[in-house]
2 protein chains.
Amino acid sequence: MKYAIGVDIGGNKTKYALLRDWKVVSRLSDITPKKKGDLIKVIKDDISKLISFPKSQLIGIGFGIPGPLDKKRRLILNPPNVKALSNVHLSEIMEREFKIRTKMENDVNCFTLAETLMGAAKGFDKVIGLTFGTGIGGGIVIDKKIYIGAFGGAGEFGHMSIKFDGRKCRCGNIGCFEEYASEKFIWRESGVSPKELEEKVKKGNKKAKKIYQDYGQNIGVGVSNLINILDPEVVVLGGGIAKAGSLILKPIKKEVDKRVLLTHSKKSVKIKLSKLSDFAGAVGAALLLK
Amino acid sequence: MKYAIGVDIGGNKTKYALLRDWKVVSRLSDITPKKKGDLIKVIKDDISKLISFPKSQLIGIGFGIPGPLDKKRRLILNPPNVKALSNVHLSEIMEREFKIRTKMENDVNCFTLAETLMGAAKGFDKVIGLTFGTGIGGGIVIDKKIYIGAFGGAGEFGHMSIKFDGRKCRCGNIGCFEEYASEKFIWRESGVSPKELEEKVKKGNKKAKKIYQDYGQNIGVGVSNLINILDPEVVVLGGGIAKAGSLILKPIKKEVDKRVLLTHSKKSVKIKLSKLSDFAGAVGAALLLK
């Protein structure tokens, strides 16, 4: 039997997945401490908790990181959501601790890999993944492998320009997808959380319905861009909206139907919600060892 | 010695390239007749003219087509710029005529392949190609192979949405890259041809300069989207603007510098003008046989 551990370090929570022969056998969720020393200690402790088998059967530990990595130097640069990891050689620290090989990858790349190998896009060769939260993350998996681009920067979907209304993104530019399709949009337009807005929509509130529809349409514009550019078989959507079901899928699909140029692609492409949900990133981090 | 012939069928002109041992040894340009029968006759005649060597040395003929193909059925669907080719089994017709294998591919995919193997992006593994004319064409070459996507539809860059100002594209949607970065933009804003506008800019005309700068900026927005999504090593720009040199490259690079998120990608990516120019498509069509 072979074990692999995946760790998905998020802004508030860190998720862990233990895989035995590439099947999920255990999950764990813990806080993400704000200080570097605390964070590293918590991760070491949590990983140790998961190792309840002969250590010789562990083949490695994968880490999903929310932000830019210098893959050559195996260094985490400056993830805005987990500042404690800035300039940290996490891979090396953990290799020294557990005497085992480690891998590190962008968290949404891990998400997309997990959904491709075990989730909503299982069996498909050309998959795009997006996660929607305070920002938008993106991943591309081609022929079961993460496509990282030439310099490790592929998948920055959140900062593609989709429309201009003068609104400035945190990156300094205008028009960014993130401004119109991350949860920021919902807060800005409705003043309530995505979950509260969903409740209002389900109760038939007209204003809420309009905002939710605009939101879905905006997502659809960005997703259509990606389909026109990359022509995938499946687009997997994760993050908060993955729980909204057809409520969000309907306006997205409507926009995709309007905007994807090639008839054959439009008819064939599947827009799906995440199947692995909150643990997709951790599972994908473990699958990096495959 | 091995020969390959490439044919690039454009709206007005058809270009031919003869390659000997994968080097260009001959070029030919002819009109594209408007009627199907005439077009096929002209292509047959022109190919015959190029075969001035023992026919056993010809390994095949490649065709670059401006528009949607059904690759499984090897059928040209409905290219808006060459209506005479609608529903034509060009590959089969030419195989019957010349008793040799043929290949067929989107013309901008051929352009990008040629620039990657022999032109501006020679030696690079992740390349994006764009051609600017009355529309915008796109191609992606990864590891020296054309990336066509799951259903043959990848590279429809012209219809990604980049900004909205209510202007409708011929596809029926608003915001399309093509509306802001094809030559249509220049005609619309200046009332003159791209070449005339360039002349005015060179003479120091302020209004012309502003339009040209906006044009470059618009191209830059779309190119930045593609870099944020695909993280290529090189972006090759072809079509009319390939002759404008630094005049157009400067505003494009300025926008890319503002909009590409990952510092490493921004510093490393190269934006280049086509080196093979008008015959890139034909050369790339021949390279399909490689």
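**View 1. S265(B) and what it touches.** Skipping neighbours within four places in sequence, S265(B) is in contact (heavy atoms within 4.5 Å) with F151(A), G153(A), D231(B) and V260(B). S265(B) sits in helix 9 of chain B; helices (H or I, at least four residues) and strands (E, at least two) are DSSP runs, numbered from the N terminus. S265(B) is buried, with a relative accessible area of 2%, where buried means under 20% relative accessible area, exposed over 50% and partly exposed in between (1.4 Å probe, protein chains only). Keep in mind that this is a predicted model, where local features need pLDDT of at least 70, side-chain atom pairs count only at pLDDT 80 or more, and totals for chains, interfaces and linings use all residues. Residues are numbered from 1 along each chain as its sequence is written, chains are lettered from A in the order in which they are written, and side-chain values use heavy atoms, with hydrogens and water left out.

**View 2. Where chain B meets chain A.** Here 41 residues of chain B are in contact with 41 residues of chain A. Together the two chains bury about 3,700 Å², 63% of it on carbon and sulfur atoms; buried area is the accessible area (1.4 Å probe) that two parts lose on being put together, summed over both. F151(B), I229(B) and R259(B) supply 21% of the area that chain B buries against chain A, more than any other three residues. Across this interface the rule finds zero salt bridges, a salt bridge being a side-chain nitrogen of Lys or Arg within 4 Å of a carboxyl oxygen of Asp or Glu.

**View 3. A salt bridge in chain A, D143(A) with K126(A).** The closest N and O atoms of this pair are 3.9 Å apart. D143(A) lies in the loop between strand 9 (136–142) and strand 10 (145–146) and K126(A) in strand 8 (residues 126–132), so the pair ties together parts that are 17 residues apart in sequence. D143(A) is partly exposed at 45% relative accessibility, while K126(A) is buried at 16%.

View 4. In chain A, the side chains of E255(A) and R259(A) meet at 2.9 Å, N to O. These two are four residues apart in helix 8 (residues 246–259), about one helical turn, and both are buried. In chain B, K258(B) pairs with E255(B) at 3.8 Å, N to O, the two being three residues apart in helix 8. K258(B) is partly exposed at 46%, but E255(B) is buried at 4%.
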